[in-house]
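Please look over the sequence and the 3D structure shown below.

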Amino acid sequence: MKYVDEFRDRALAEKLSAAIHAEADPARDYNFMEFCGGHTHAIFRYGVQDLVPANVHFIHGPGCPVCILPIRRLDDAIELAEMPGAILCSYGDMLRVPGSKRRSLMSAKADGADVRMVYSTLDALAIARANPDRQVVFLGIGFETTTPPSALAIRQAADEGLENFSVFCNHVLTPAAIRHILDAPEIDPEQAVRLDGFLGPSHVSTVIGSKPYEFLAEKYAKPVVIAGFEPLDVMQSVLMLIRQVNDGRVAVENQYTRVVTREGNAKAQELVDDVFELRPTFEWRGLGWMADSALAIRDKYARFDAEKRFPISEKTAREVKSCECPAILRGVKKPKDCKLFGKVCTPENPMGSCMVSSEGACAAYWTYRRAETLAEMALEAAE
Amino acid sequence: MCLAIPALVTDLSDDGMAVVSLGGVTKTISVALLDEVSAGDYVLVHVGYALHKVSEEEAQRTLALMAEGGLLDSELAEIGEAAS
Ligand code: SF4
């Protein structure tokens with residue numbers, strides 16, 4: 001247990017680890033998908049994999065908003081940034097993600113575009129107020145946690161009559177993506193990943209509640225445990241999932257009760273509903289086009305919608321050849337299956353989105369498992 | 001980007017904004033997504049908005065864990081670095 005020292009509550013980590021070892025049936029495998037990149041990060045940082053038996057597998061899901069934004073939409077954002085007189089505001093994580101021809105928002109900035117990193121939509125609004133003669137576009141990305149702040153910003157801009165502010169909306173929905181992954185084997189058996197349960201999103205669930213995940217238990221017979229982001233939360237949730245599997249039970253359980261309720265934050269939900277509507281279809285990197293998986297700005301706020309306000313040219317996006325991000329995001333491949341990992345592609349010189357965001361699977365392997373992964377790759381290449 | 005930091009609400013204004021203390025840093029955030037917030041409450045702050053109330057105990061536990069994992073510094077740096 002070399003990693004257990006990392007835990008704040010070492011005794012509890014040891015106890016949970018012992019319980020997981022005792023209860024996991026050695027005769028079977030347990031494949032659990034953690035949807036959120038935050039969980040992926042916790043699992044790696046604290047070496048949770050080493051505290052569970054070898055037959056408990058973590059499958060990294062598509063839950064990193066930076067990683068799943070398709071290159072085409074990123075190219076659009078770069079185009080918006082390059083409009084004369086425009087200011088494009090973005091959360092920091094997005095800036096280094098390579099788009100087509102490996103151009104990023106950062107390189108657009110180096111070429112003279114006014115790209116600004118903001119921590120909050122509040123900062124983007126302030127920039128719009130301070131620059132009334134410029135068009136300020138906020139690049140809205142993220143799951144259900146970052147959507148209410150974008151909604152509030154749009155409402156605020158409407159209330160203030162802030163006409164030079166708009167949002168390029170790329171907000172996406174977690175339940176739709178999980179459904180898609182479970183439906184994938186029916187569409188294409190090649191894409192089948194065996195899953196025995198899900199670690200459900202934590203902060204997303206503070207907003208939407210645990211209720212939207214109930215279909216997973218009801219329709220797909222998959223156990224779900226809404227799990228906090230701390231390593232002990234993850235371990236406890238794994239134990240809860242193992243118990244469900246062993247007992248043949250299928251339910252949505254909530255490990256994160258101290259923050260998550262079944263109903264979520266009603267005020268945030270109403271706000272999102274006022275400003276946004278479902279997009280009929282939206283493309284996710286790795287998962288392709290998915291019905292009802294993303295949000296668009298409602299017509300009544302059309303003047304704050306960058307997509308309606310500015311002409312964006314239809315371009316064909318170019319993925320970096322050999323980057324395996326799409327398969328990694330579906331849980332069918334691991335970073336070691338990418339020829340570029342650690343050789344051409346590093347966090348300093350990323351080829352794909354999974355290496356940029358600290359929540360991406362490639363970045364997690366690079367930071368915490370580099371030597372093992374490179375060794376495994378060398379071995380497989382020699383075979 | 002997905003992390004949320006617990007913060008202590010120190011001051012509230014009428015316009016849905018609040019001053020919070022975040023790992024020793026003072027920051028103005030929005031509490032417009034919450035129904036009832038008072039000074040002295042702990043809230044989970046994500047991209048400048050309070051998403052949820054948390055207990056003081058939960059807040060301290062999370063902050064300690066984040067600090068230990070080096071996560072707090074990077075999150076706070078992100079808040080500090082951002083353009084204004
Ligand atoms: S290592 Fe780089 S190129 Fe390969 S899948 Fe990961 S991000 Fe893409």
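Arg155(A) and Asp274(A) form a salt bridge, and their closest N and O atoms are 2.7 Å apart. A salt bridge here is a side-chain nitrogen of Lys or Arg within 4 Å of a carboxyl oxygen of Asp or Glu. This pair links distant parts of the chain, with Arg155(A) in helix α7 of chain A and Asp274(A) in helix α12 (residues 266-275) of chain A, 119 residues apart. Helices (H or I, at least four residues) and strands (E, at least two) are DSSP runs, numbered from the N terminus. Arg155(A) is partly exposed because its relative accessible area is 30%, while Asp274(A) is buried, at 18%. Buried means under 20% relative accessible area, exposed means over 50%, and partly exposed lies in between (1.4 Å probe, protein chains only).

The model is predicted: local features need pLDDT of at least 70, side-chain atom pairs count only at pLDDT 80 or more, and totals for chains, interfaces and linings use all residues. Residues are numbered from 1 along each chain as its sequence is written, chains are lettered from A and ligands numbered from 1 in the order in which they are written, and side-chain values use heavy atoms, with hydrogens and water left out.

How many salt bridges does the structure hold over all chains? The count is 29. One of them joins Asp50(A) to Arg369(A), with the closest N and O atoms 2.9 Å apart. Asp50(A) sits in the loop between α2 and β2 of chain A and Arg369(A) in helix α15 (residues 361-382) of chain A, so this pair ties together parts that are 319 residues apart in sequence. Asp50(A) has 36% relative accessibility and therefore counts as partly exposed; Arg369(A), at 18%, counts as buried.

Asp247(A) and Arg249(A) also meet through their side chains in a salt bridge, at 3.6 Å from N to O. Asp247(A) counts as exposed because its relative accessibility is 52%, whereas Arg249(A) is partly exposed, with a relative accessible area of 34%. Salt bridges can also join up: Arg28(A), Arg194(A) and Asp196(A) are linked in a network of them.

Next comes a residue in a loop. Thr146(A) is found between β5 (135-142) and α7 (147-160) of chain A. Is Thr146(A) buried or exposed? Its relative accessibility is 1%, so Thr146(A) counts as buried. The side chain of Thr146(A) reaches the backbone oxygen of Ile141(A) at 2.9 Å. A polar contact is a pair of N or O atoms within 3.5 Å; within protein, one must be able to donate a hydrogen and the other to accept it, and residues adjacent in sequence count only if both atoms are side-chain atoms.

The cysteines can be taken up now. Over all chains, the structure holds zero disulfides, a disulfide being a pair of cysteine sulfur atoms within 2.5 Å. Cys36(A) has a relative accessible area of 7% and is therefore buried. Cys67(A) is buried as well, with a value of 1%.

Rolling a probe the size of a water molecule over the atoms shows where empty space is left. On a 1 Å grid over the protein atoms alone, a cavity is a set of points where a 1.4 Å probe fits but cannot get out, and a pocket is an open set with protein on both sides within 12 Å along at least five of seven lines; lining residues have an atom within 4 Å of a point. Grid points are joined across faces, edges and corners, and a volume is the space filled by probe spheres set on the points.

There are four cavities of 30 Å³ or more. The largest cavity has a volume of about 80 Å³. It is lined by 14 residues, and those closest to its centre are Cys323(A), Cys325(A), Cys338(A), Cys345(A) and Cys362(A). The second largest cavity has a volume of about 70 Å³, and its lining includes Cys67(A), His60(A) and Glu359(A). Elements that give two or more residues to this lining are α2 (37-45), β2 (56-63) and α14 (325-329) of chain A.

The second largest pocket holds about 440 Å³ of space. Of its 17 lining residues, Leu173(A), Ile208(A), Gln269(A), Val272(A) and Leu295(A) are the closest to its centre. Helix α12(A) gives the largest share of the lining, four residues.
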